[in-house]
Amino acid sequence: MLHLLKIDLKKMTSYRTFWVICGIYFFTLIVGAASGMEFLKALSRLIEGFGQQINITRIPLYHFPDVWQNLAWSGGLLKMGLAIMVVVSITNEYSYRTIRQNIIDGMSREEFLLSKVYTNLLLSSISMASLFLIASVTGLIYSPELDFPYGFTGISFYPAYFLEVFAFLSFALMLGIFVNRSGLTIILLLFSYLIELIIKENIDNYLPSIIPFFPLESIMSLVPMPFARYVFMEIQDSVNWGTVAIASVWTFLFNYFAYLKLKKSDI
Amino acid sequence: METVLSTNKLTKNFGKIRAVNQLDLEVKRGQVFGMLGPNGSGKTTTLGMLMGVVNPSSGSFSWFGEPATHHTRKKIGAVLEHPIFYPYLSGQKNLELNAMIKGADPAHISKVLETVELADRKDDKYKTYSLGMKQRLAIASALVSDPIILILDEPTNGLDPMGIAEIREIIKRIAADGKTIILASHLLDEVQKVCTHFAVLKRGTLMHIGPVDEVGKGEEIVEVQAYHDDLGVLLQEFVGSATIRKENGIFEVMMKDGFHSKDLNRFLFDKGIVASYLHTRKKSLEKQFLEILADHKS
Ligand SMILES: Nc1ncnc2c1ncn2[C@@H]1O[C@H](COP(=O)(O)OP(=O)(O)OP(=O)(O)O)[C@@H](O)[C@H]1O
Ligand SMILES: [Mg+2]
């Protein structure tokens with residue numbers, strides 16, 4: 001396993017585009033996640049400028065336990081950046097035809113796919129670890145008092161966030177293997193939300209019960225949007241294991257379809 | 001001798017096109033095996049199947065007497081059609097990657113770079129290489145695992161005459177090490193110089209398979225020149241002449257079976273003529289190749 005991961009990383013670590021995309025992604029993830037308070041302050045100044053007096057800096061964005069879900073959800077918005085990296089990585093193998101040489105050199109098609117899947121696992125893990133670190137640090141800084149174990153509520157959103165990223169990267173990898181061209185794959189990746197949305201809209205009237213089973217829907221619902229709680233609405237504040245099961249099945253299927261496609265095509 | 005490769009009715013269809021048709025090949029250890037055939041005759045497709053990148057439609061093949069797996073491929077060094085590398089990596093890094101996949105000792109890399117004379121450019125990015133340098137790097141990558149078998153598909157494509165000669169030397173040196181080589185090429189002269197055996201494909205079907213040194217057997221061609229006005233007429237009197245052609249003032253006499261240049265020389269001498277030029281030629285592979293393809297034309 002480590003060997004295959006090393007092979008894929010060796011391909012990427014001398015590739016400038018890899019560092020550029022990953023750099024932007026992790027920079028945005030870390031800085032974005034850490035600067036929410038500054039954002040709120042700026043927002044409140046803006047609102048004051050309009051002569052209103054709401055103290056939104058009171059919103060406990062970074063207080064334990066809210067911070068867990070708040071950051072896990074926000075981090076999830078950025079996964080497209082990482083997915084584009086994955087698409088570039090796999091479609092390069094087709095456009096340079098290096099996938100062909102890898103197999104001629106003695107990789108099996110399974111091993112080739114696994115090397116990409118392991119990289120996806122690594123990228124998802126690093127994302128989760130970075131976000132978890134930011135949440136812990138900001139939580140410690142901003143929380144008025146530390147009340148554990150209550151403060152840990154919602155920490156299970158981190159494995160869910162990991163699954164969210166990994167599932168989406170698996171989807172991107174599969175699309176890349178089916179489409180082979182980077183531009184088209186990225187367009188499809190962006191449009192897949194729209195396509196799923198249109199199907200959901202049309203189905204909503206007579207079969208709403210199957211909507212949670214849609215792939216992107218299930219991935220998005222792993223960490224639900226938390227901010228509604230600040231306007232006193234009920235939110236889902238714990239991981240729904242049914243959603244985890246659905247997203248896991250989709251993740252498996254994405255990788256399995258990619259495997260089938262690789263297996264039967266001439267390279 | 002030990003059989004290294006054998007194929008059994010190996011077939012590949014691309015839609016309606018049958019690229020390879022019921023191919024039966026056998027390659028033994030130590031052979032330098034030339035694969036010949038016109039464009040589109042299925043050479044690359046055959047090698048692609050043998051190297052696991054093209055799925056056969058039917059039939060089978062075995063390396064070293066066992067059904068092939070990806071582990072088998074690690075013992076084979078192969079370059080099909082074009083050199084394939086990561087353009088943004090240096091030659092050295094590309095070879096490191098090849099070595100990692102093959103499970104080869106990275107210490108070999110500097111040695112194979114010496115072999116193909118690329119050592120001084122190894123840290124430059126692959127995309128900055130000239131075509132000839134890319135070809136050389138490809139040969140280096142095929143050699144990096146010290147393979148028992150080498151598969152080269154038109155390795156001299158696009159090289160200058162010096163490059164071609166150098167690659168030929170490399171191939172000969174590798175063959176002298178006792179390695180088995182399978183070489184697809186359009187340069188029949190090349191094949192005749194380096195190969196021990198050859199096969200001819202036409203539209204995916206095997207037309208001929210056999211040793212190269214048999215090609216020269218049979219008829220001889222003798223080129224003669226002499227200061228004599230009626231040399232052409234005289235030569236026709238010679239009992240050993242099958243056909244006679246004149247080219248650039250030189251007569252080419254195709255000998256009948258059992259006659260050799262010394263018989264012709266003696267005949268001329270008896271007539272009181274001394275040849276100023278006498279040269280014996282074996283039939284070339286090129287000629288035989290064209291005959292094989294023509295024979296089956298129907
Ligand atoms: N991926 C493919 N899809 C469809 N047809 C293909 C494919 N690859 C090869 N062919 C067809 O298979 C036949 C054999 O092609 P192949 O490349 O094996 O020939 P070749 O002997 O290597 O020719 P050349 O001497 O030009 O390299 C050709 O008719 C070609 O058009
Ligand atoms: Mg070819």
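I started with which elements of chain B line ligand 1: strand E2 (17–23) and helix H1 (43–50) each supply at least two residues of its shell. H1(B) gives the largest share, 3 residues. I kept in mind that this is a predicted model.

Next I looked up who sits around ligand 1. There are 13 residues around it, and Gly40(B), Lys43(B), Thr44(B), Thr45(B) and His186(B) come nearest. Sorted by class, I get 7 polar, 4 nonpolar and 2 charged residues in the shell.

Then I went for the polar contacts. Thr44(B) has a side-chain N or O atom 2.7 Å from an oxygen atom of ligand 1. For His186(B), a polar side-chain atom also lies 2.7 Å from a ligand 1 oxygen. With Asn39(B), I noted 2.9 Å between a side-chain N or O atom and an oxygen of ligand 1. How much of ligand 1 does the protein cover? I found 63% of the 640 Å² of accessible area that the ligand has on its own.

On to the cores. The largest nonpolar core holds 105 residues, and those touching the most other members are Leu71(A), Leu189(A), Trp63(B), Ile151(B) and Ile182(B). Helix H8 (residues 157–179) of chain A gives the most to this core, 16 residues. Apart from that core, I found another of 44 residues, including Ala140(B), Leu143(B), Val212(B) and Leu285(B).

Last, I picked Trp63(B) and checked its contacts. Leaving out residues up to four places away in sequence, Trp63(B) touches Ile151(B) and Ile182(B), and its other contacts include Val4(B), Leu5(B), Leu50(B) and Thr72(B).

Technical notes:
Residues are numbered from 1 along each chain as its sequence is written. Chains are lettered from A and ligands numbered from 1 in the order in which they are written. This is a predicted model: local features need pLDDT of at least 70, side-chain atom pairs count only at pLDDT 80 or more; totals for chains, interfaces and linings use all residues. Side-chain values use heavy atoms; hydrogens and water are left out. A nonpolar core is a set of buried Ala, Val, Leu, Ile, Met, Phe, Trp, Tyr and Cys residues joined through side-chain atoms within 4.5 Å. Buried means under 20% relative accessible area, exposed over 50%, partly exposed in between (1.4 Å probe, protein chains only). Helices (H or I, at least four residues) and strands (E, at least two) are DSSP runs, numbered from the N terminus. Contact means heavy atoms within 4.5 Å. A residue is near a molecule or strand if one of its heavy atoms lies within 4 Å of it. A polar contact is a pair of N or O atoms within 3.5 Å; within protein, one must be able to donate a hydrogen and the other to accept it, and residues adjacent in sequence count only if both atoms are side-chain atoms. Accessible areas come from the Shrake-Rupley method with a 1.4 Å probe; for residues, only the protein chains shown count as cover. Ala, Val, Leu, Ile, Met, Phe, Trp, Tyr, Cys and Pro count as nonpolar, Asp, Glu, Lys and Arg as charged, and the others, Gly among them, as polar.
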